[in-house]
Amino acid sequence: MQAPQPQHAQHAQRPAPCPALSWRQQALLALCVADPAEKVAATHALWAALPPGPDFEDRLQASATLQPDPASPLPGRPTRPVLLAPMQVPHRSPFTPEGLAALVHAVCHIEFNAINLALDAVWRFPGMPPAFYSDWLRVADEEATHFGLLHTHLHSLGHTYGDFPAHDGLWEMCVKTQDDITARMALVPRTLEARGLDATPLIQARLRKVNTPAALRAIEILDVILRDEIGHVTVGNRWYGWLCAQQGLEPLAHYRALARHHNAPRLKPPFNDAARRAAGFTQEELDALVNP
């Protein structure tokens, strides 16, 4: 299977990253940034300065095996929010101002983790085609935009990122799959992030019942996120399929083996079949969700 080709976008003028470092090294540095605003700025700057074609390939150093600084924890993140086990995170009703803020915060936390997940894919896995790294840098940039939209809205509700507890399920799967790029593509974008395709319309339906200006603004932001997340899951599907083809693996059977090995969460209906099809899931894969 031919490697997918990179996609480049028009960028606003932003400060250029350090020219002495490869693009993958700079992704690692952005991953290590703890302050959310600084991480968002670094991620946007990295994508904005992405050169086209050969220039990007020359500065990518795709074959290099990188080693993070032991003194820089991965990922860089602030001391708050407090991280709890998923079942210990309090559930609040979005029909109260505090509960709506908690809901926005929960999605904001997911998007902050998603920035880290995309940056981690760029620096951690050597030897992939240039389009792989370009794809994940674009994903990181879009996740940073999502975080910014949600954080601005959270401020309008009288809160900031870190005000509510959260869980670390996304990054825990990132750690589990740190030595297996095929498992990473299978179980992070195609599993955990694809759950967002299913969950977002359900969240929006609840917010429509709230029907306050703040709730309606959250729905608008979720529209943007759902649109972009279809593209992000598409990236995961594309590279999972490419990796399986390179290794002579049957994708559905191998996915099941990886899910068992890494104790991936079992996905429950309802499923957003239309969004999943748009993201590249086959009918066989959709059928397997219903009859695992």
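Predicted model: local features only at pLDDT ≥ 70, side-chain atom pairs only at ≥ 80, totals over all residues.
1. Residues spaced three or four places along an α-helix point the same way, because a turn takes 3.6 residues. Trp239 is buried at 0% relative accessible area, and Trp242 is buried too, at 10%.

2. A look at α9 itself. It runs over residues 213-247, and its 35 residues should span 51 Å at 1.5 Å a residue; the end C-alpha atoms are 51 Å apart, so the two agree. Just past the helix, Gly248 has a positive phi of about 70°.

3. Now the packing. The largest nonpolar core counts 72 residues, and Phe132, Trp136, Leu137 and Trp239 have the most contacts inside it. Helix α4 (residues 97-124) is the biggest contributor, giving 14 residues. There's also a second, separate core of eleven residues, with Ala194, Phe271, Ala275 and Leu286 among them.

4. Back to rings: the whole structure holds seven aromatic pairs. One of them is Phe147 with Tyr161, edge-to-face at 5.5 Å centre to centre and 90° between the planes. This pair links distant parts of the chain, as Phe147 belongs to helix α5 (residues 130-156) while Tyr161, 14 residues apart from it, is in the loop between α5 and β2. Both Phe147 and Tyr161 are buried.

How values were computed
Residues numbered from 1 in each chain as written. Heavy atoms only, no water. Helix = DSSP H or I, 4+ residues; strand = E, 2+ residues; numbered from the N terminus. Expected span 1.5 Å × (residues − 1). Core = buried A, V, L, I, M, F, W, Y, C linked by side-chain atoms within 4.5 Å. Buried < 20%, exposed > 50% of the residue type's maximum accessible area, 1.4 Å probe, protein only. Phe/Tyr/Trp six-rings, centres within 6.5 Å; stacked < 30°, edge-to-face > 60°.
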